[in-house]
Amino acid sequence: MNRAQNLAEGAIGVALLHLEKGCWEAAFTALKATVADGVSIAEGASLYFGAPALAFVLAAADHPSLVQAKAVAAAGTALVTRQRLEAAHRRIDRHQRPPYSEFDLIQGLTGLGVALRRIGDHVLLREVLAYLIRLTEPLDGLPGWWCPTGPHRDRPGPAGGHGNHGLAHGITGPLALLALALLDGTEIDGQRSAITRICTWLDRWEQSDEDGRWWPEILYLHQLEQDGIRIPGPTRASWCYGTPGVARAQQLAARALDDPVRQRAAEVAFVSCVSDPRQVGRLTERGLCHGTGGLLATGRRIAADARTSFPLAPLLLRHQHAGAAHDEPAGFLDGTAGVELATTGVKSSWDACLLLC
């Protein structure tokens, strides 16, 4: 596996930073490292690896020398997406439950939908939306996105599987993509119902205390069977699993459905999160996935669409004052490229790969 093609940690993520800054020479150097051994369209290809990752990153560049590379990456993305769609529909037809890697942002079809939206393949994007609609349909009394295993690939979870709420690996990723497509004007039958179905589920599991509103990262079967059981939390204020990502997905859904009550509630949840020392105090790094960079990037997009204004300066200061770990990598998701992108802004909408726009 060519790690340079890994958007999370490889040279391709560094290229995205340089393209955002307009540093062509550095961007081309990173892109050459990315494609040195070819571009993957194998089983593991996704928004964060291989041809779809390259297609996403190249969309940030308007340069005549990249026209052929864009076409090759787009063709590879389409091929991978069709193969993954066929497998997913076969799985649904067999009434089996999905691994989250089938549908999530990082490895799955939601991420491939992000790449298709980015490069303008709206025909195939509509097929991804149709799959996501099927994913939200109940199966044997549980949501269609309920996974048969635990959330950790390296160890078994409790019996009965789990439901995941995180923007990176859970159902709020599909929610955000369904909503963003609708806001773009891309709509198919059942899309609004699927958005509503996910929101209703999130409403059921919304938690609240004196400091605000939040959602559990993970649900297990025993918690569903004991509806009303106390769920520990909230956890850290991260993009990937925490309240910021869930709130952004709900804000997008509310805008797509023209639901000002839900939009206001999502924005209040985010503000209460960033005002809660328990949640922000757990951010011990400055990366996009688990750290202050992701909080700042999410806050920037929530603020831009909010019905009432709130200051971003405290989030920027927190991010700028966060110290780099001695072993901080150079890459996008947990490394210095993402740290700098969070501060730089969103000229090329690079944060679409975080499902923030």
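Tutor: Some ground rules. This is a predicted model, where local features need pLDDT of at least 70, side-chain atom pairs count only at pLDDT 80 or more, and totals for chains, interfaces and linings use all residues. Residues are numbered from 1 along each chain as its sequence is written, and side-chain values use heavy atoms, with hydrogens and water left out.

Student: Which residues of helix 8 and helix 11 make the contact?

Tutor: Contact means heavy atoms within 4.5 Å. Helix 8 gives Thr172, Leu175, Ala176, Ala179, Leu180, Leu182 and Leu183. Helix 11 gives Val246, Ala249, Gln250, Leu252, Ala253, Arg255, Ala256 and Leu257.

Student: What is buried in helix 1?

Tutor: Buried means under 20% relative accessible area, exposed over 50%, partly exposed in between (1.4 Å probe, protein chains only). In helix 1 (residues 11-21), 9 of 11 residues are buried. Among them are Ile12, Leu16 and Glu20. The buried residues pack against helix 2 (24-35), helix 3 (51-58), helix 6 (109-119) and helix 16 (336-344). Just after helix 1, glycine 22 has a positive phi of about 75°.

Student: Where is glutamine 251, and why does it count as buried?

Tutor: Glutamine 251 is in helix 11. It counts as buried because its relative accessibility is 0%. A polar contact is a pair of N or O atoms within 3.5 Å; within protein, one must be able to donate a hydrogen and the other to accept it, and residues adjacent in sequence count only if both atoms are side-chain atoms. The side chain of glutamine 251 makes one with the side chain of glutamate 267, at 2.9 Å. Beyond four places in sequence, glutamine 251 also touches residues including Arg301 and Asp305.

Student: And a loop residue?

Tutor: Take alanine 168, in the loop between strand 1 (162-164) and helix 8. It counts as buried because its relative accessibility is 3%. Tryptophan 239 is 71 residues from alanine 168 in sequence, yet 7.9 Å away, C-alpha to C-alpha. Leaving aside neighbours within four places, alanine 168 contacts Asp104, Leu105, Ile106, Trp239 and Cys240.

Definitions and conventions:
Helices (H or I, at least four residues) and strands (E, at least two) are DSSP runs, numbered from the N terminus.
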